Amino acid sequence: MKNSMNKRFFLVAAILFAASSINVSLAKDAGVIDMHAHVLLPGQERSLNPSTPGSPEELKKQMKAAGVDMAGIMSMVPKDNMEVTRAYNDFILAQAKENDEFFAIASVHPLDGADAITEIERVAKAGAKGLKIHPFFQGFDPGHADVAAVVKVAGDNGLAVIMDSISADDGDSTGKFVNLALANPQTKIVLAHTAGARFHEMILFAVFAKGPYYKNNVYFDLSATAELYANSPRQDELMWTIREIGIDQFMFGSDFPVFDIKPAKDTMDDYGFSKEELTKIYSTNARKVFGLD
Ligand SMILES: [Zn+2]
């Protein structure tokens with residue numbers, strides 16, 4: 001009697017274990033990763049887009065409809081408010097822990113100095129895979145020395161830094177991104193939106209890649225910009241630029257809830273990239289940048 005109960009217990013345990021590892025490996029082998037999705041704090045879900053809530057539930061719904069298996073969910077935090085900063089990062093970290101299909105991208109305000117550095121170390125230990133900073137939205141100059149410090153410490157703690165690169169009021173932004181990349185070869189820097197209307201300037205990184213100093217540590221996400229130039233005279237130029245820089249540096253992102261995921265994914269599917277190129281854009285590159293395997 002005791003023996004058969006033991007047997008049954010082990011059988012149930014084995015099935016549960018198998019089920020949980022299938023679940024994990026499904027998420028880990030995810031075919032399509034959206035590495036740029038905003039999840040907003042409860043009560044503020046419509047602060048980025050009044051018509052689409054940036055909630056975990058809406059994100060999951062849109063991922064399912066688009067055939068997206070995994071998403072990098074990110075916070076964006078204000079200056080001089082470490083209470084909100086920590087609460088927002090904790091919310092993102094908890095969501096990623098509860099949902100196999102999410103991974104956490106925390107945020108600091110780079111001009112919070114020592115507090116920002118302490119928070120980077122904290123979120124890295126708590127399981128974050130990246131750090132999101134936004135010069136325009138958060139109001140800082142990417143050339144500021146404190147930004148360089150944040151980029152360095154993030155890399156030292158194994159976090160990729162996602163920086164928004166649409167800088168309508170900063171004509172020198174490309175040079176500032178170059179300086180950050182050269183000064184911090186150990187940090188993977190992701191330029192979100194591939195610099196938007198300045199995407200052609202990113203060809204500089206292809207030139208630098210030929211020399212010994214630049215370690216090819218800059219990556220790009222195609223959110224917003226791929227859709228902006230789809231079916232335009234500049235679509236071919238964007239594809240040419242991507243291939244010159246190297247397809248290994250580019251990732252799919254939607255910028256949910258600012259943009260819906262399905263149109264972003266459909267646009268990417270139809271862009272004209274080969275199946276091998278799409279596998280890198282959808283999955284391989286993000287796994288490498290965020291250490292998802
Ligand atoms: Zn965004």
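Guide: Start with handedness. A crossing is left-handed if the near helix is turned anticlockwise from the far one by less than a right angle, and right-handed if clockwise. The crossing of α3 and α4 is right-handed. This is a predicted model: local features need pLDDT of at least 70, side-chain atom pairs count only at pLDDT 80 or more, and totals for chains, interfaces and linings use all residues. Residues are numbered from 1 along each chain as its sequence is written.

Visitor: At roughly how many degrees do the axes of α3 and α4 cross?

Guide: Two packed helices are described by the angle between their axes and the distance between the axes. Axes are lines fitted to C-alpha atoms, for helices over the stretch in contact, and angles run from 0 to 180 degrees between N-to-C directions. Helices are DSSP runs (H or I, at least four residues), as are strands (E, at least two), numbered from the N terminus. Here α3 (residues 82-98) and α4 (residues 113-125) cross at roughly 15 degrees, and their axes come within 11 Å. Therefore α3 and α4 are roughly parallel to each other. The cut-offs are: under 35 degrees roughly parallel, over 145 roughly antiparallel, 65 to 115 roughly perpendicular, the rest oblique.

Visitor: Which residues of α3 and α4 meet?

Guide: Contact means that C-beta atoms, placed from the backbone, lie within 7 Å. M82, T85, R86, N89 and L93 in α3 meet D115, E119 and V123 in α4.

Visitor: How far apart are the axes of α4 and α6?

Guide: They are 10 Å apart, and the packing angle is about 15 degrees. So α4 is roughly parallel to α6. On the α4 side, the contact is made by G113, A116, I117 and I120; on the α6 side, by D146, A149, V150, V153 and A154.

Visitor: Is V153 buried or exposed?

Guide: Count C-beta atoms, placed from the backbone, within 10 Å of the residue's own: 20 or more others means buried, 12 or fewer exposed, in between partly exposed. V153 has 22 others within 10 Å, so V153 is buried. V153 sits in α6 (residues 145-156). Leaving aside neighbours within four places in sequence, V153 is in contact with I117 and I120.

Visitor: Which residues of α10 are buried?

Guide: In α10 (residues 235-245), they are L238, T241, I242 and I245. Seen down the axis of α10, these fall within an arc of 100 degrees, so they line one face of the helix. The arc is taken over directions from the helix axis to the C-beta atoms. Their cover includes α8 (203-208), α9 (225-229) and β8 (250-251).

Methods. Two residues are in contact if their C-beta atoms, placed from the backbone, lie within 7 Å.
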